[in-house]
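Here's a quick tour for anyone meeting this fold for the first time. Have a look at the model, then read on.

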Amino acid sequence: MNEKSASYQSWLESFASEHGATAGTVHLQQGDDLFLVAALNIPPPLMAAVQHVPHGKGMAGLAQVRKQPVQTCNLKEDTSSDIKPGAKAVDARAAVAIPVLDATGRVRAVVGIAFTEEGSLAAERETSLMAAASRLPIADG
């Protein structure tokens, strides 16, 4: 793990702990796609699948395109096309993918977190999570 990845990993662990999440990811936008730079409690088979997220695919890709959080009440039981089958391997229920925008509204990253409890996140909590995720430090280069 390089220094930049270690920094993102540390940030993700703190973010997840602060918000009561049991699992999470940080993807940085590079070109049109998203690339994994940190992961917490993501099963090994899923790690390979989430290293590179094509534009608009899965929860992270949808958050990237919509520039709005994308959530599910239950990762394991969601049947919508928003949730990819591999995500069901995460030992969690409610989950949200949060776009991190720069000052011009361009997506810089997507932070994903998942919780043990099932259910929708209230709009206020979603807004609070988006504000907290916006503090993700983005290293240049």
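Helices (H or I, at least four residues) and strands (E, at least two) are DSSP runs, numbered from the N terminus. Read that way, the protein chain goes α-β-β-α-β-α-β-β-β-α, with 4 helices and 6 strands. Bear in mind that this is a predicted model, where local features need pLDDT of at least 70, side-chain atom pairs count only at pLDDT 80 or more, and totals for chains, interfaces and linings use all residues. Residues are numbered from 1 along each chain as its sequence is written, and side-chain values use heavy atoms, leaving out hydrogens and water.

Now for the inside. Buried residues (under 20% relative accessible area, 1.4 Å probe, protein chains only) make up 47% of the 141 residues. A nonpolar core is a set of buried Ala, Val, Leu, Ile, Met, Phe, Trp, Tyr and Cys residues joined through side-chain atoms within 4.5 Å. The largest has 24 residues, and Val111 is one of those touching the most other members.

Helix α1 gives the most, with 5 residues. Apart from this core lies another, of 18 residues, including Ile42 and Ala60.

Note on methods: Buried means under 20% relative accessible area, exposed over 50%, partly exposed in between (1.4 Å probe, protein chains only).
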